[in-house]
Amino acid sequence: MVSSEFDGDMQLDDGGAGSKDGGSQEKKNQGKKGGKRAVNRYQNQELSAFCLQVALLLEAAVPLDEGLSIMAEDAGEQWEKDMLLYMAEGVELGDPFYQVLEDTKAFPPYVVRMAKLGQNTGTMDQMMLSLAEYYEKEYFLMRNIKNALTYPIIMVFMLLAVLFVLFVKVMPIFEDVYSQLGAEISPVAKSAIRFGGIFSGVALAVGGLLVVVCAGVWAFTKLGHKISFVDKLVAWTKKRSKIALAVANRRFTSVLALTLHSGLELEKGLELAAELVENEAVGSKIGTCRQMLGEGQSYYAAMKATGLFSGFHIQMIKTGTRSGHLDRVMEDISQDYEQQADGAIDNVISRFEPTMVAVLAVAVGLVLLSVMLPLVGVLSTIG
């Protein structure tokens with residue numbers, strides 16, 4: 001349980017000294033001096049739930065300070081409860097909602113900027129609802145990717161463990177039995193068994209070491225540190241992975257659809273999207289597209305020339321640009337990229353399973369041949 005980070009900000013002057021604006025300024029100064037910030041951050045699922053609740057409160061015309069206080073009553077963690085009460089106080093004292101979000105440090109910059117846009121354009125309820133849908137899709141997409149990675153890793157470790165036990169523990173027993181019967185396993189089979197035992201044992205050790213290293217890197221990065229080699233490796237993988245490219249394109253089109261729907265200029269939408277794609281291959285194309293737009297190129301020409309879209313998608317963009325429904329077109333393209341990402345994940349799993357079955361079948365077949373051939377010789381001698 002995280003200790004309260006906002007207790008000092010919760011206490012108002014009992015004597016009522018100072019105006020509403022003065023209290024707000026005092027609260028801000030306390031925040032700057034004491035550094036009272038949320039030590040935890042909302043994850044995608046929690047962000048989706050938070051944005052949805054705020055959207056519902058705004059649609060029902062419930063004041064935000066009252067609504068945030070209601071949300072704080074049923075908060076699951078103490079840090080979340082303190083944060084929501086802190087936000088409620090900030091809104092009550094007159095701070096803009098986006099500023100309160102930024103002060104907590106629990107929300108990504110994208111949420112803060114979109115909340116600011118929604119507050120400036122008077123579409124906060126629609127903006128928060130769109131953010132809820134965006135982060136809900138992000139949650140399910142990331143969950144599918146994690147499951148796609150976890151399942152093969154577990155299968156590989158199970159396969160290596162089975163082979164290791166088979167080669168190291170089971171086969172020596174058969175060798176002893178055959179030596180007592182006056183028969184022996186062929187030298188080729190013995191070599192294969194020894195090689196299989198060594199290979200599976202080394203693979204298990206290396207796999208276990210990689211798991212430990214990955215866990216250490218994950219814990220290190222959680223503390224806010226960066227490892228240049230790991231960052232370069234991740235960037236290299238994202239450039240070449242079909243799944244990573246599909247995820248980046250989905251984020252890009254989804255953010256662009258949301259910003260266009262809110263009335264933001266395409267150039268600003270591209271700027272926001274470039275911050276969220278987390279993929280250098282797509283990010284560089286977005287940068288080139290922004291530069292071409294700055295030079296006076298049309299949306300359609302810039303996106304086509306940079307290769308951000310091709311084929312049927314670029315035709316849809318041309319139609320959307322001329323009809324004034326580019327936001328709807330981007331939403332449709334985003335859904336298409338989401339399906340592509342899901343399809344790429346399914347392809348990885350569908351290819352992996354037959355491979356594992358084939359490897360296990362070959363290994364078991366070799367073991368059976370190594371065991372049965374000497375047995376046939378023994379039986380023929382007895383006969």
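Biologist: Does the span of helix 3 agree with its number of residues, or disagree, and what is the distance between its end C-alpha atoms?
Modeller: Helices are DSSP runs of H or I with at least four residues, strands are runs of E with at least two, and both are numbered from the N terminus. The expected span of a helix is 1.5 Å times one less than its number of residues. Helix 3 has 16 residues and should therefore span 22 Å; this agrees with its end C-alpha atoms, which are 22 Å apart.

Biologist: What kind of model is this, and how are its residues numbered?
Modeller: This is a predicted model, in which local features need pLDDT of at least 70 and side-chain atom pairs count only at pLDDT 80 or more, while totals for chains, interfaces and linings use all residues. Side-chain values use heavy atoms, with hydrogens and water left out, and residues are numbered along each chain as its sequence is written, from 1.

Biologist: Which element has the highest mean pLDDT, and which the lowest?
Modeller: pLDDT is the predictor's confidence in each residue, from 0 to 100. For the protein chain its mean is 76, with 81% of residues reaching 70 or more. Over residues 1-38, pLDDT stays under 50, and where pLDDT is low, the predicted coordinates should not be read in detail. Among the elements, the highest mean, 90, belongs to helix 3 (residues 44-59), and the lowest, 39, to helix 1 (residues 7-10).

Biologist: How many helices and strands does the protein chain have?
Modeller: Contact means heavy atoms within 4.5 Å. Of the contacts between residues at least 6 apart in sequence, 67% join residues at least 24 apart. As for the elements themselves, the protein chain has zero strands and 16 helices.

Biologist: Which residues of helix 3 are buried, and what covers them?
Modeller: Buried means under 20% relative accessible area, exposed means over 50%, and partly exposed lies in between (1.4 Å probe, protein chains only). In helix 3 the buried residues are Leu47, Ser48, Phe50, Cys51, Val54, Ala55 and Leu57. Their cover includes helix 4 (64-73), helix 5 (78-92), helix 6 (97-104), helix 7 (109-121) and helix 8.

Biologist: What is the phi of alanine 61, and is this residue buried or exposed?
Modeller: Alanine 61 sits in the loop between helix 3 and helix 4. Most residues other than glycine have a negative phi. Alanine 61, however, has a positive phi near 60 degrees, and with 65% relative accessibility this residue counts as exposed.

Biologist: Where does lysine 105 lie, and what is its relative accessible area?
Modeller: Lysine 105 also takes a positive phi, near 60 degrees. The loop between helix 6 and helix 7 holds this lysine. Lysine 105 is partly exposed, because its relative accessible area is 44%.

Biologist: Which helix gives the most to the nonpolar patch?
Modeller: Val162, Leu360, Val364, Leu368 and Met372 make a nonpolar surface patch of about 400 Å². Valine 364 is partly exposed, at 35% relative accessible area. With four residues, the most is given by helix 16 (residues 326-382).

Terms used
Patch = residues over 30% accessible without salt bridge, like charges linked within 9 Å, V, L, I, M, F, W, Y side chains within 5 Å. Areas by Shrake-Rupley, 256 points an atom, 1.4 Å probe, with all protein chains shown as cover. Salt bridge = Lys/Arg side-chain N within 4 Å of Asp/Glu carboxyl O.
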